[in-house]
Amino acid sequence: MSTEPETLRADGLPPTERRNPASTRLDELTTTELLELINDQDATVPGAVRAVLPRLAELVDTALGVLRAGGRVHYYGAGTSGRIALGDAVELGPTYGVGPDRVLAHLAGGPGARGRAREDAEDHAPDEDAADTPGTGDLVIGVTASGRTPYVASALRAARAVGAHTALLSGDPAAPLAPLADLHLALDTGPEVVTGSTRMKAGTAQKLALNAFSTALMVRSGRTWSNLMIAASANNAKLRERAVRTLVTACQVPEETAARALAQCAGEIPTALVCLVAGASPLAAREALAAHHGHAWAAVRALREETGR
């Protein structure tokens with residue numbers, strides 16, 4: 001958490017844009033001293049994330065309800081914040097089998113801003129296809145270190161107008177955009193080592209918070225068995241081998257048995273797992289999974305109760 005004196009807050013700047021007293025002699029340090037300073041500052045980031053965990057839990061539960069009701073989760077951000085959000089959303093596909101039709105990332109400047117900075121884009125409202133526009137019952141999460149990015153403001157206002165849930169992930173406890181969000185998660189990492197360089201502590205905090213959010217959401221959505229990924233795609237040879245290994249570990253069966261079950265279940269790892277653990281047919285396993293929001297453990301328990309096993 002930032003320990004910056006209140007007297008320094010009178011300038012109207014967000015915490016991430018103020019000068020850090022610890023780094024005013026930055027350009028006089030040796031390489032080792034410089035790296036130690038950066039590392040010392042980075043070490044304060046997890047505390048800033050921990051401070052918002054209760055609100056992060058609320059956000060996970062909101063997102064869980066949205067996905068179960070058929071809605072979508074949208075990230076909106078510009079610059080570093082937008083690219084961090086984009087990376088989090090994109091990785092949910094190969095890791096948990098969740099495509100961009102359920103969790104979408106909107107980056108100011110569009111696809112062209114993924115690999116090249118488009119600073120001007122953050123001053124404009126989102127320009128996107130109607131199919132990607134949030135609807136009633138969706139969840140829109142604005143990600144901005146300053147807490148005042150116009151692109152994010154426009155997205156939150158539009159979300160409010162259609163009745164979507166809204167949340168703001170910012171680096172300023174007094175973020176001007178907070179009134180536009182149902183939930184405000186202020187990652188108060190304070191001034192950066194290099195003034196205004198929010199790709200540092202602020203970006204790291206966003207990365208940690210979004211990773212925790214999406215991982216918790218996937219676990220609560222039933223996409224793991226214990227700590228094993230069971231919803232990852234298995235659409236090439238390498239991924240099928242990984243899927244078989246997962247089933248061998250989770251179900252304690254020989255590799256041949258796991259491979260056969262996976263093939264019988266059309267490559268669906270959760271279905272194969274329920275079949276193997278509960279001794280059910282693929283059809284019964286799919287029906288049980290559907291009835292229990294995709295939670296394999298709940299599907300197994302229900303099938304075992306039915307059969308008295």
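# Cavities, contacts and backbone angles

Q: What does helix H7 give to the lining of the largest cavity?
A: Helix H7 (residues 237–251) gives the most to this lining, with 4 residues; helices are DSSP runs of H or I with at least four residues, strands are runs of E with at least two, and both are numbered from the N terminus. The model is a predicted one, with residues numbered from 1 along each chain as its sequence is written. Local features need pLDDT of at least 70, side-chain atom pairs count only at pLDDT 80 or more, totals for chains, interfaces and linings use all residues, and side-chain values use heavy atoms, leaving out hydrogens and water.

Q: What makes up the lining of the second largest pocket?
A: This pocket, with a volume of about 410 Å³, is lined by 21 residues, and those nearest its centre are Ser-221, Gly-222, Arg-223, His-293 and Gly-294. At least two lining residues come from each of helix H3 (53–68), H6, helix H9 (269–278) and helix H10 (282–291), with H3 providing the largest share, 3 residues.

Q: How do you know how many disulfides the structure holds?
A: A disulfide is a pair of cysteine sulfur atoms within 2.5 Å, and the structure holds 0 of them. Cys-251 is in no disulfide, since the nearest cysteine sulfur, in Cys-275, is 9.6 Å away. The sulfur of Cys-275 itself has its closest cysteine sulfur in Cys-265 at 3.7 Å, which is too far for a bond.

Q: Why is Cys-251 called buried?
A: Buried means under 20% relative accessible area, exposed over 50% and partly exposed in between (1.4 Å probe, protein chains only). Cys-251, at 15%, is therefore buried, and Cys-275, at 10%, also counts as buried.

Q: Why is the pair of Tyr-76 and Tyr-151 called tilted?
A: Rings of Phe, Tyr and Trp (its six-membered ring) pair if their centres lie within 6.5 Å, and planes under 30 degrees apart count as stacked, over 60 as edge-to-face and the rest as tilted. A search of the whole structure finds 2 aromatic pairs; in the pair of Tyr-76 and Tyr-151 the centres are 6.0 Å apart and the planes at 50°, so the pair is tilted. Because Tyr-76 lies in strand S1 (residues 73–77) and Tyr-151 in helix H5 (residues 150–162), the pair ties together parts that are 75 residues apart in sequence. Tyr-76 is buried at 1% relative accessibility, and Tyr-151 is buried at 5%.

Q: What makes the link between the side chains of Thr-149 and Thr-144 a polar contact?
A: A polar contact is a pair of N or O atoms within 3.5 Å; within protein, one must be able to donate a hydrogen and the other to accept it, and residues adjacent in sequence count only if both atoms are side-chain atoms. The contact between these two side chains is at 2.8 Å. Thr-149 belongs to the loop between strand S3 (139–144) and H5, where it is buried at 8% relative accessible area.

Q: How do you know how the reach of helix H6 compares with the span expected?
A: The expected span is 1.5 Å times one less than the number of residues. Helix H6 (residues 201–220) has 20 residues and reaches 28 Å from its first C-alpha to its last, close to the 28 Å expected.

Q: Why is the positive phi of His-293 worth noting?
A: Most residues other than glycine have a negative phi. His-293 is not a glycine, yet has a phi of about 55°; it lies in the loop between H10 and helix H11 (296–307) and, at 49% relative accessible area, is partly exposed. Ser-226, also not a glycine, has a positive phi of about 55° and is exposed at 65%.

Terms used. On a 1 Å grid over the protein atoms alone, a cavity is a set of points where a 1.4 Å probe fits but cannot get out, and a pocket is an open set with protein on both sides within 12 Å along at least five of seven lines; lining residues have an atom within 4 Å of a point. Grid points are joined across faces, edges and corners, and a volume is the space filled by probe spheres set on the points.
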